[in-house]
2 protein chains.
Amino acid sequence: MVTLADVARHAGVSASTVSYVLSGKRSISASTRERIRRSIDELGYRPHAGARALASSRTHILALMMPLRTDLYVPVMMEIAMAVTTAARAHGYDVLLLTGEEGPEAVRRVEGSAIADAMIVMDVELDDPRLPFLRQAERPAVLIGLPADTTGFTCVDLDFEAAGARCVDHLADLGHRQIAVLGEPPAVYARGTGFAERTLAGLRAAAAGRRVGLLHRPCEGTHAAVAATVGRVFEERPSTTAFVVQNETAVEPLLALLRHQGLAVPEDISVVAVCAAQVAAHASVPLTSVGVPAQEMGRHAVERLVAHLDGHEDTGTVLIAPDLTVRGSSGPVAVPAPPPGRTERAGRGHSG
Amino acid sequence: MVTLADVARHAGVSASTVSYVLSGKRSISASTRERIRRSIDELGYRPHAGARALASSRTHILALMMPLRTDLYVPVMMEIAMAVTTAARAHGYDVLLLTGEEGPEAVRRVEGSAIADAMIVMDVELDDPRLPFLRQAERPAVLIGLPADTTGFTCVDLDFEAAGARCVDHLADLGHRQIAVLGEPPAVYARGTGFAERTLAGLRAAAAGRRVGLLHRPCEGTHAAVAATVGRVFEERPSTTAFVVQNETAVEPLLALLRHQGLAVPEDISVVAVCAAQVAAHASVPLTSVGVPAQEMGRHAVERLVAHLDGHEDTGTVLIAPDLTVRGSSGPVAVPAPPPGRTERAGRGHSG
DNA sequence: ATGAAAGCGCTAACAG
DNA sequence: CTGTTAGCGCTTTCAT
């Protein structure tokens, strides 16, 4: 193994000089700097991570806590993880993957063993059990998601409230007066994930402002559950002309159901999604949607953390502005509004 | 920060004794061991990862190289990553996440900086550029997937050849004589991923043995591509009565298309998938399938690596036996075989 | 602009 | 069964 001492000997300088060339923490004459660089390349030297961590109290590792749960859309989690890793590498950091399984204990482990310089926590719940430990930890943390109390943390998330409002505004602009919301499964609301509620708040506020009716129903992503939920929606609000879906797994079942009921999208009924762009774009009917900016979230999280580690204190919440992409699943409400043809007799979408 | 020295002082012993209690590498009297354990708990001591790594040349970290590509089914990657992380924790290891982005350079980095004790490489191609570097590395590696030359590595994968054979046997047993295979997109075959070819080899061998016709077509996962491919399949082999799909994203488009053409599954046509169990189980028609044992693969990979690190030399390939789960998308071929009703005129599945 | 030297916290001989 | 001690490879004062 090539050590710093080897490089120093090879370049005819002291170890500290090599170290300083690497860290750039003091000025080195151009000539020796070049000589040392050459030695480094020639010998194929790489600093020993452990030694460096021990001496400097900096591991250049960020810990990423992933949820173990599977009721959230996995590809988005993965995209965030990849974005975090890529952004981290761009700043000279590596990423340690932790599963939610260990829970708060993972925080103590990272803290106690100094195995990472900072933590990124995904799938944060409103009253997350990890937060107290994170607060009393030495290391900075960025939360992806918004807990009830954000004191002491930097949080990064999509502005789901604005996203909800954006959906309603878009549909209201198209003339829709009665909107149904197909939400995440009840379990997601129950465990206080926050984003679902925030979206709902935005939807409701905008609906009130625009004087359109809003009916919200949590929903599992199975064909059966979607059929049942949509059935009840049409019973309660027969004048529904648009759906907002916030549940990746419910997207296809919903589209299949509407098709099966002879309702054409967007001629008879509009559908807008709050979901991963990929899901919206590749659905059997490309969906107008507000995407979850996974890449951006991952990147922001890392950059905040790196800034903090570099001494630029900057706690605070980053809410990423929603972006609504029109893809053709939303259109003007039919005039006169067609009665929802919900039985087998109906043919394919005619709007008159 | 609490150090080993603090614990030693608190327990009234020497540092080495504490170290040995932790590692169990030499016998300690029950009384002092207990005393030390108590001190450790009381002080909340955790070994400093960097110091330990420096002194012992063991980081207790496994590096996991994930593909950055998105043409493979993401949830399976994620499931493997989670299984790896969980299994690693169970053996006292943490997992460092590396993206394929860095390519072979990542291998050199891990090797040179001694940031991990071993590597797990996912999405291995037949002639993977990382393998030469991995071979000359000090640290052991486990590949998830099978390269052309497995010399020097432990490889873990599903026995895709057996999986393919299993599908053909299942369908042949049901009386099918002409099977079509909807494969991964051409790009997956082109870059030499191996598993796709191995599945095909298994399908072909079994088909030859059972004297059933086999037509294989790579296919993108879009509705348009599936429609085009299936159309050509029926033109070339009108007597096709069963499909084997190995492409998660093509599953729903295929089912939708068959439905739209008035072909009932499994009455008119059988469908068997080689894909993630979750996809098969939650498809609009639950699919008979051979699942990808992601959990098992991740676990095996870690266990092999840990065994190797513990000195139990055990290089070799682990091919996990396929498991075909019957879910109702496969059935006996209709007698007499129905002509595929591929045009709009056809009603819903009647077999006469 | 460069060197010398003292650790960082832990492990593993080497002694007893 | 336990203690002493010499590093592991690097960073960072303190000198010059």
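Student: Which helices each supply at least two residues of the surface near DNA strand C?

Tutor: Helix H2 (15-23) and helix H4 (49-56) of chain A do, together with helix H2 (15-23) and helix H4 (49-56) of chain B. "Near" means that a heavy atom of the residue lies within 4 Å of the strand. Helices (H or I, at least four residues) and strands (E, at least two) are DSSP runs, numbered from the N terminus. A word on the model: it is predicted, so local features need pLDDT of at least 70 and side-chain atom pairs count only at pLDDT 80 or more, while totals for chains, interfaces and linings use all residues. Residues are numbered from 1 along each chain as its sequence is written, chains are lettered from A and ligands numbered from 1 in the order in which they are written, and side-chain values use heavy atoms, with hydrogens and water left out.

Student: Which residues come nearest to DNA strand C?

Tutor: There are 27 residues around DNA strand C, and Thr17(A), Arg26(A), Ser27(A), Leu4(B) and Tyr45(B) come nearest. Of the atoms of DNA strand C that come within 4 Å of the protein, 58% are sugar and phosphate. H4(B) gives the largest share of this surface, four residues.

Student: Which residues come closest to DNA strand D?

Tutor: Among the 27 residues that surround DNA strand D, the closest are Leu4(A), Tyr20(A), Tyr45(A), Arg26(B) and Ser27(B). Of the DNA strand D atoms within 4 Å of the protein, 53% belong to sugar or phosphate, and the rest belong to bases.

Student: What lies 2.7 Å from a base oxygen of DNA strand D?

Tutor: That is an N or O atom in the side chain of Arg26(B). The side chain of Thr17(B) has an N or O atom 2.8 Å from a phosphate oxygen of DNA strand D. H4(A) gives the most, with four residues.

Student: Why is Thr240(B) called buried?

Tutor: Thr240(B) has a relative accessible area of 4%. Buried means under 20%, exposed over 50% and partly exposed in between (1.4 Å probe, protein chains only), so Thr240(B) counts as buried.

Student: Where is Thr240(B) found, and what is it in contact with?

Tutor: Thr240(B) sits in the loop between helix H11 (223-236) and strand E8 (242-245) of chain B. Leaving aside neighbours within four places in sequence, Thr240(B) is in contact with Gln178(B), Ala180(B), Val233(B), Phe234(B) and Ile269(B); contact means heavy atoms within 4.5 Å. A polar atom of the Thr240(B) side chain lies 2.7 Å from the backbone oxygen of Arg237(B).

Student: What makes E6(A) and E7(A) a pair of strands?

Tutor: Six bridges join strand E6 (residues 178-183) to strand E7 (residues 213-218) of chain A, running parallel. Two strands pair if DSSP finds at least two bridges between them, so these two pair. One bridge partner couple is Ala180(A) and Leu215(A). On the other hand, E6(A) and strand E8 (residues 242-245) of chain A pair in the parallel sense over four bridges, with Val181(A) partnered by Val244(A).

Student: What makes E6(A) mostly covered?

Tutor: Six of its six residues are buried. Gln178(A), Ala180(A) and Leu182(A) point one way, and Ile179(A), Val181(A) and Gly183(A) the other way. In a regular strand the side chains alternate between the two faces of the sheet.

Student: In what order do the six strands of the open sheet in chain A stand?

Tutor: The order is E7-E6-E8-E9-E10-E12, with mixed pairing. E7 and strand E12 (324-325) of chain A stand at the edges with a single partner strand each, so one side of each is left without a neighbour in the sheet.

Student: Which residues cover both faces of strand E3 (residues 118-121) of chain A?

Tutor: Ala118(A) and Ile120(A) lie on one side, Met119(A) and Val121(A) on the other, and all are buried. Strand E1 (residues 61-66) of chain A pairs with E3(A) in the parallel sense over four bridges, and Ala63(A) stands opposite Met119(A).

Technical notes
Polar contact = N/O pair within 3.5 Å; in protein donor to acceptor, adjacent residues only side chain to side chain.
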